[in-house]
Every structure is written in structure tokens, then in C-alpha cells.
Amino acid sequence: MKFQKIVLATYLMCGSAMLSQLHAQGELNTSAKDFKFIDPKNMDLSVKPGDNFFEYANGAWLRTTEIPGDKTRWGSFDELRDRTNKAVQKLLVDVSSGSNAAKGTKEYNVASFYKSGMNTEAINKLGVNAIKPELDAIKGIKTPQQILDVVTMLTKKGIQTVMNGYIGPDDKDVTKIIVQFGQGGLGLPSKDYYTDKDENAVKNRAAYTKYITDILIASGQTAAEAAKNATAVFALESKLATASYFPTEMRDPQKMYNKFSLAAFSKQTPNINWSTLFGKLGIKGQSEMLISNPNYYKAVSKEITATPLASWKQYLLFHTLSHMSPYLSDNFENLSFEFYGKTLSGQKMQTPRWERVMGVINGSIGDQLGQLYVDKNFQPEAKEKMLELVNNLQVAFGDRIKQLDWMSAATKTKAMTKLNSFMKKIGYPDKWKDYSALTITENNYAQNVLKASAFEYDYYLSKLGKPVDRTEWGMTPNTVNAYYNPAFNEIVFPAAILQFPFFDFNADDAVNYGGIGAVIGHEMTHGFDDQGAQYAADGNLKNWWTPEDEKKFKGKTQVVVNQFNSYKVLDTVAVNGELTLGENIADLGGLAVAYEAFKKTKQGQSSEKIDGFSPDQRFFLSWAQIWRGKATDKRTLQLIKIDPHSPGVWRAIGPLSNFEPFYKAFNIQPGDKMYRPENERAKIW
Ligand SMILES: [Zn+2]
């Protein structure tokens, strides 16, 4: 059970295992005299800015940079992650070499976790025995009803099988915490992977079935048994996939909001009595819940008796082993990497072990790791400077709302109320989670992961019936990302994103406003994108628009959908304009608001060139610089299906092609490839 279901981030939200991105590189010293914040060495000045601004700004970098073999994408976000992770690695090594940390302290837990993860000898020796109690429970299932006993036991330890629960504010009454269930149960990234008919999809399904087979063989089955069982596991997953939503459908918060009493929904799922299930989950005093996709749980209920018990046991066995593979012996870890890393994402080499372990610690006891990071790596002055930027952006956003030619005064008043009630979180939480009930040990990595998940489970369970804690963070301070959370109407910027190329004390305003300014504007605009705009200032999912304004807004967002639908990756595959709509609106608004705020600064009003570029040109070059990046072909194809963010090249180009000041700064003319006639430009915020 986790924290938030809708968190709108600037960049792809990574799972803990994928979070860490590091490749050995020199330290970045932006205070060095010859350091250039906009470096012509990265650009391709032979490209006409109006034809392809991404190439113009990043061409040399794109040609000379290779994606590191242990990564599937590489760009500004990844380079900064690289530097941040190196700082975290130093912490981990330091804290692990000290020996006098008291039990239960952050130093003790982090060091023990790290040592347990690095001790491959012990991990290999344990093999699957590291999770023997969990596997024994699965083997012991004798009746269909016992399936749910084991599913709930696994859920409490963070192993997600067919139930995907979370505990968080009720979207339509955010002062109350409610139990919620989303769809789950699939080993492939999304429904499309089960339904697509193209050659690539067929290949991926075959590779997945082989992966299931290999995992079952590693658990001790013969090849023939494993192959037969893999077919049964895949058949069950396919039934769950049929009842699942596509990623685009899940962007509709009204459709995802379905409140049921436990008794009423139990009637629709004859094999799942939700009161009994809540008892097994240790949830007390709750008579209602939210179910994002009722059909999914109807399908689970149906399959509890329609699918043979033996198949269910294989399904649970496989999913438990697959979920735990990154923390088990080499043979399991390698299988997981071969399939999820190589086959699905095009990653050539395994990420270094210390980096994977770091990602796991970050995803398990991130608050404790984050405290250590902040103590050593965060300048308090950055928080002040950042708050100043955020406040400037907020004023600029307000100015733009007041000037909108398409919105009525009544809706504008509501929009201003929402804008002015943003909660701002910068750097790190005011209060840290209390981990005194959790002791991490040095001797069983996999059980540490399960223990930390169980702690997290209890932590969220304890929120039920209490007032909502609005001080909580959904990202750790050492995360290079940012997010908007509609239920709290908050914008959040972890410490680690407050670094170059997003932000630097020594950089000119053009660089900072085009970088972190645009990220701030992006997060603010999420409050007003096609999803965020459905939430009111108080965080509730409640319409605050006049019907005419809402209609006009929808018309304007459709222009953005159409524009992005026409963009392609790998020359043939189209961006999904519906799936990426919220992010594209946020990018478009973020750029405009950051520019508006930049124009209020001294540099914004001057024409003094730095390194040959005017202030406005530097602002747009900084913008293109933060979206700089490339990905493997396989990763690109995967992200097109599941990532609500457009590929970096289109994030850079799309908004600019709609933005008049960019046309002026680089003298874009009809005939230039990025040129759009004025009546075809998207302008919302
Ligand atoms: Zn975003």
C-alpha cells in the first residue's frame, strides 16, 4: 500500500530498481572560470534554429554522446542523476565503514542495508531460501479461498500480485484517508503488451513466456514442467489484461473514481468478500473503498474459481520470484535483467551493483538515506533562492491568467484562487519519518526489502482515521525530479533537482529561468492541465469551470493532442497525443510562464549578449538543454506506450513551435520547418 496515485512529475517516475542512473564522469564545477552554462561546443550552429531547434542547441552533444552500456537513456536528467548518485555512493561507503552507529539510527539502517546488498556471497549462498517462508505459503495453498490468504500476506510485504492497494486522500473529500485499489497483476508493462498484434509485440510476449519458464526452472522445476506452467501463468495474466485499462484511459480521474461500500462491491465479486479481505489486510473501521477499475476486480474474482488452483499457485510463485529477483542470487538477478533490461529496454550491460543497491535503499528507507544526503549536500541558500523563483513564477502565472482572452471573469477568479493556494515544498521535508520500529540487518538482503515494505505498509495503514498529513513528500530529496500533487494542490522540488543544468547560483537568470523556471512553471501548469484542471483549489475532484469555458479549454487542448499525434519517433511510430496531453500542456504553460517571469528580471530587460547569445536566446537554449537526451530504440518504443511524457526532442520543439517570443528571438520565418501560422498555434495558459 503506497502513498499517492496521481503524482504529476516533470520526468519519468522510476521504480526503485530503475531509479539510480550512474555512469562514471568527472565532477562538474560550475564555478570554474571557463565554465559555460550555454556551451556552443554542445550545439550545431550549422542547423537553422527554425528548422530543428533541438539539433541547433544540442547537435554536437547528440553526435558525440553515447548512451552508457548500462543505461537505456542518457540526457540532462541522467547526467545530473549520475552526479547525485556519486555523492550518495560516497555517503554509503562512509557510513558503512563506520562501526559505532547505534541500532535503529539512520546510519545503522542505511549501512546495514548497503552491506546486506553488497554481500553477494551470502546472497548467492541463500538462493531462493532467502524467501522460503513466502514460497512455502504459496506451496501450502489447498483451496481457492486460500489464494487470497496468500495474496494478502504478500501484499503486506510489498509483493504486488493481483491486488494493487494504496492508502491516501479520497479524491472527492481530500480531508479523509481512504483505502483504494488499482488494477495490477501483470508482468508486462501495460495492457498494450498483451493486446498489440504487431511483430514486436508478438516477440515480446514470446520472450516474456520464456522468462516465466526460466524463472520457474531456476526455482527447481524441470524444463517441461516450467514450460507448461508458464503457459498457464500467461493465460491467467491475459484474462486480467483484458479487464484492465489502457494507460490513456487511466488519465481520466472521474472514470477512475468509483466508491463502493464493502458489502455492495462484495456482491459484484462473489469470490472476494471485501470485509473478510480487509480483516486479512489488518484494516479496521472502514466500510467504504475506492476501486479505480471495478471490472478488473470482477475478473480476479471470476478467475479465482475459473482458473485451476494449480495455475494460481504457479502464478503466485512466478510473481513472487520475479518481484524478488533483483534481491536474490545471481541466477535470478540475471534472468530479470535479461528480460526487463535487455529484451524490453535495450540495456546492454547490468547496472553496477552498488548503484542497484542504492536504488533499492532509496525506494525502501528513502527518508533515512535522504536525511544523510541533505546533511552533506544541500545548501540552505538554494531553498531561499528557489522560493524566490517560485514566487516570481506564481506572479507571472497570475498575470497570464488575468490576460487570457478566452476565459470568463468567473472562471478566472477560481483559477486565481487555485494558483494562490499552491503549497510549496522545496529541498526536503520539514519532518522526517520515524523509523524506530524498523531494524535492518546485515545478513539477508531480500528479507530487508520485505521488512522495509512491511514497515511502509503499517505506516500507511496507521493513517486511516487520522487527519491527512500534508507535510508528507512523495519523492526523496536525492531525486532529480519534481511533481505536482492535485489532492494537496502542491508543487514539490527535491533538493537534487536544484543543480545545473536546471539551477545554479553562478548562472545568469536566462539559464535558471529557462531551466528550473520552466520546471516550476511545468509543475504549476499541472494544476491546470486536462487532469489537474478537474481538481479545485482545496484539492477536491470538483468542477470549478463554467460550461462555456470548459468547452473552450477542451477545444484548445485538442489542438495540442493533434500536434503531438503528428510527431514521430524512429521515423515511424507516432507519439500518443492523448497519453501525453497533460505533460504537453504543462510544458507549453511552463515555458510561457517561465519566460514571462524572466522578462521581469534585469537580464530579461537587457539586450547584453553572453557568449554571443542574447538574454532571450539563452533562455530558449537553456530550455532545449534540459530536454537534451537520447534513448535506445527499445526503450523509446517502450516509453511511447507507457510514459505520459513525450520524448525529449518533442518536449523541446513542440512548445517552442507555438511560442511567439521564440520566433522573435531566432527570427523564425514561414518556410522554416518549425514554423506554424499564428492561427494554428496552441496557446492555453
Ligand atoms: Zn509533468
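Biologist: Which residues lie nearest the centre of the second largest pocket?

Modeller: This is a predicted model. The lining of the second largest pocket has 41 residues. Nearest its centre lie F54, P647, G648, V649 and W650.

Biologist: Which element gives the most to the lining of the second largest pocket?

Modeller: Elements that give two or more residues include helix 2 (53-64), helix 3 (76-97), helix 25 (633-642) and helix 26 (648-656). Strand 2 (73-75), strand 10 (568-569) and strand 12 (629-631) are also among them. The most, five residues, comes from helix 26.

Biologist: How much space lies in the second largest pocket, and how many residues of its lining are charged?

Modeller: The space is about 840 Å³. By class, the lining has 19 nonpolar and nine polar residues. Its charged residues number 13.

Biologist: What is the bridge partner of F181 in strand 6?

Modeller: Strand 4 and strand 6 (residues 288-291) run parallel. Two bridges join them. The partner of F181 is I291.

Biologist: Is strand 4 mostly covered or mostly open?

Modeller: Strand 4 spans residues 173-182. A residue counts as buried under 20% relative accessible area. Seven of the 10 residues in strand 4 are buried, so by that cut-off the strand is mostly covered.

Conventions. Residues numbered from 1 in each chain as written. Predicted model: local features only at pLDDT ≥ 70, side-chain atom pairs only at ≥ 80, totals over all residues. Heavy atoms only, no water. Buried < 20%, exposed > 50% of the residue type's maximum accessible area, 1.4 Å probe, protein only. Helix = DSSP H or I, 4+ residues; strand = E, 2+ residues; numbered from the N terminus. Pairing = 2+ DSSP bridges. 1 Å grid on protein atoms, 1.4 Å probe; cavity = no way out; pocket = protein on both sides within 12 Å on 5 of 7 lines; lining within 4 Å. Points joined across faces, edges and corners; volume = space filled by probe spheres on them. Nonpolar A, V, L, I, M, F, W, Y, C, P; charged D, E, K, R; others polar.
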